[in-house]
Each structure stands twice: as structure tokens, then as C-alpha cells.
Amino acid sequence: MEHSKPEDIVHDEKAKLDFSQDMSYGDYLQLDAILGAQKPRSPDHNEMLFIVQHQTSELWMKLMLHELQAAIDHVARDELGTAFKMLARVSRIMEQLVHAWDVLATMTPPEYSAIRPYLANSSGFQSAQYRRIEFALGNKNAAMLKPHAHRPDVLAQVQVAYEAPSLYDEALRLLAGRGLPMPTSHTARDWTQPYVASDAVEQAWLQVYRDPKKYWDLYQLGEELTDLEDAFRLWRFRHVTTVERVIGFKRGTGGTSGVGYLRKMLDVVLFPEIWKLRTDL
């Protein structure tokens with residue numbers, strides 16, 4: 001049997017081939033801008049990996065913020081079904097970011113040492129999008145506004161996340177709105193302050209978890225929060241191990257202690273009562 005030539009297959013499919021007057025795939029995705037945004041500063045082959053790794057992570061974080069902020073808004077409006085879908089997507093995005101570190105981990109210490117001088121003081125520590133994600137998840141820290149002071153437009157975005165109720169703040173306000181006993185210290189507080197765990201808040205969650213049939217959607221909210229923090233912990237842990245593998249315990253380019261600082265961040269618990277109730281249930 002005679003096989004069709006490749007060009008005949010394309011013509012038989014009647015695929016559109018002329019884009020001189022119409023929008024193409026590259027036009028829609030702005031690929032000229034995206035694929036032209038990699039500007040290595042060193043002569044080293046491996047810098048492209050370092051740049052693409054961080055640029056793609058920032059793209060995933062852009063989508064994460066898009067979903068996370070919408071989820072917070074839906075929780076605030078007691079529209080949990082829609083919020084659950086968004087929170088599940090945020091957790092899956094974090095899984096993508098965990099695996100992204102696997103690619104960067106192929107960079108060996110000598111390879112990183114070859115490009116490190118060209119990074120100057122730039123560091124992922126300065127990522128405005130990551131900071132907005134942390135603030136949206138409740139890890140508020142006024143000092144983390146300062147790295148963005150030189151960019152008023154970026155600072156304004158980070159400031160909004162800093163001053164707004166976090167996802168967990170809105171979850172607790174929702175529990176209170178549903179009639180569960182919730183201290184006003186946790187439903188009408190200064191949202192810029194770091195979250196402080198409360199026995200009273202845990203008791204409210206325990207009421208939900210002891211009767212999941214009665215509080216099914218609130219119970220599911222608790223589990224969505226658990227999934228989210230679980231994924232976030234894995235993301236942070238993979239970051240630490242990759243940094244230690246590539247640079248050991250050298251100081252970070254942004255001035256932090258590097259691995260030492262990142263390990264301290266592993267101790268931050270975003271939704272403490274959700275985790276503690278598992279022991280007390």
C-alpha cells in the first residue's frame with residue numbers, strides 16, 4: 001500500500017497554513033516576548049537553565065495568585081464549591097513547582113559557581129509574587145516589603161496582599177458566619193500581623209471535624225487547606241534541598257544565610273489549628 005507523503009497529510013487535513021492576515025499560535029501567546037526574555041549575562045552554557053527555571057516558576061506563580069485571590073474572594077462570599085476547585089488547582093501548581101526543582105538540581109556546584117558572580121545581589125528572596133503568595137496564605141512580615149521599595153508599582157501590589165485578610169482569615173470569618181464560636185480576636189484583627197494560634201479556633205474546627213456530615217462543606221474546606229499547606233511544605237522543602245545540593249551552606253546572593261534561612265522557613269505553620277486538631281480529635 002502506498003503511504004501518503006507528509007505534506008499530503010497536512011493538505012488532506014485542510015490545516016490552515018497562511019497566517020499573514022490572522023492571529024497565529026505565537027501571536028496569541030506573545031511568544032516573541034516570552035522566548036526573547038532570556039538574556040544570559042555569563043558565557044556559561046548552564047545559565048540558560050537557571051534563567052528558564054526561575055522565569056517559568058514566576059509564570060506558575062502568576063497563575064497561582066490568579067487562582068488563590070479568586071479562591072479567597074469566594075470563601076469570603078461563602079461560595080465554597082467554586083473556591084474548592086481553585087484551591088485544588090493551586091495545590092497542583094505547587095506540585096509542578098516541586099518538580100521544577102528536579103530540573104535545577106541537575107546543575108552541579110561548579111556549574112553554578114561559573115554563573116554566580118553574574119547574578120550580583122539578585123535572588124529569589126526578592127520575588128514579589130512569592131511574597132504575595134506567602135501573604136495571601138497568612139505569613140505576614142513587614143520586613144518583606146522593603147525589597148520592593150525601589151519599585152512603587154510592585155510595592156503597591158505586595159502592600160495590598162500584606163494588608164488584606166489571608167485565606168485562613170477568611171476561612172475563620174466564614175466559620176463564625178456559620179454560627180461556630182469564634183473569638184473576635186481572630187475575625188476582626190489587624191490583618192498585617194502574623195497569625196497567632198488559638199485554642200478557641202481549634203475548638204471551632206474540632207466541632208466541624210467531629211460532625212463532618214453536619215458541616216460537610218466546612219469539613220471539606222479544612223481538608224482543602226490541609227492539602228494546600230502540605231503542597232506548600234513540599235515546595236519549600238524541595239527548594240531547601242536543591243539549594244544545599246548546588247551551593248551547600250554558602251550565603252545566598254540576596255544576603256540571607258541561604259540554606260539556614262530556608263530551613264527556618266520550614267518551621268512556619270500556616271494553618272496551625274488544622275494540624276493540631278488531628279492530635280486532639
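Guide: What follows is a conversation about a predicted model, in which each label is set against its cut-off.

Visitor: What makes the phi of Q30 worth a remark?

Guide: Q30 is not a glycine, yet its phi is positive, at about 55 degrees. Most residues other than glycine have a negative phi. Q30 sits in the loop between α2 (25-29) and α3 (31-35), and since its relative accessibility is 51% and exposed means over 50%, Q30 counts as exposed.

Visitor: What is the phi of A120, and how do you know whether A120 is buried or exposed?

Guide: A120, a residue other than glycine, has a positive phi near 55 degrees, and its place is in the loop between α6 (109-119) and α7 (128-136).

Visitor: Why is the pair D78 and R178 called a salt bridge?

Guide: The closest N and O atoms of D78 and R178 are 2.8 Å apart, and because the rule asks for a side-chain nitrogen of Lys or Arg within 4 Å of a carboxyl oxygen of Asp or Glu, the pair forms a salt bridge. D78 lies in the loop between α4 (47-76) and α5 (80-104), whereas R178 lies in the loop between α9 (167-177) and α10, so the pair ties together parts that are 100 residues apart in sequence. D78 is partly exposed, at 35% relative accessible area, and R178 is partly exposed too, at 33%. D78 and R178 are also linked with D217 in a network of salt bridges.

Visitor: What makes D22 and K16 a salt bridge, and how exposed are D22 and K16?

Guide: Their closest N and O atoms are 3.1 Å apart, and because the cut-off is within 4 Å, D22 and K16 form a salt bridge. D22, at 40% relative accessibility, counts as partly exposed, as does K16 at 46%. By this rule the count comes to 16 salt bridges.

Visitor: How do you know what separates D280 and K276 along helix α13?

Guide: D280 and K276 are 4 residues apart in helix α13, which means that about one helical turn separates them. Their side chains meet in a salt bridge, with 2.6 Å from N to O. D280 counts as partly exposed at 32% relative accessibility, and K276 likewise counts as partly exposed, at 41%.

Visitor: What describes the crossing of α10 and α13, and which residues make the contact?

Guide: The axes of helix α10 (residues 199-210) and helix α13 (residues 272-280) come within 9 Å and cross at roughly 60 degrees, and the crossing is right-handed. On the α10 side the contact is made by V201, E202, W205, L206, Y209 and R210, and on the α13 side by E273, I274, K276, L277, R278 and D280. These residues divide into 6 nonpolar, no polar and 6 charged.

Conventions: Residues numbered from 1 in each chain as written. Predicted model: local features only at pLDDT ≥ 70, side-chain atom pairs only at ≥ 80, totals over all residues. Heavy atoms only, no water. Helix = DSSP H or I, 4+ residues; strand = E, 2+ residues; numbered from the N terminus. Buried < 20%, exposed > 50% of the residue type's maximum accessible area, 1.4 Å probe, protein only. Axes fitted to C-alpha atoms, helices over the stretch in contact; angles between N-to-C directions. Left-handed = near helix turned anticlockwise from the far one by under 90°. Contact = heavy atoms within 4.5 Å. Nonpolar A, V, L, I, M, F, W, Y, C, P; charged D, E, K, R; others polar.
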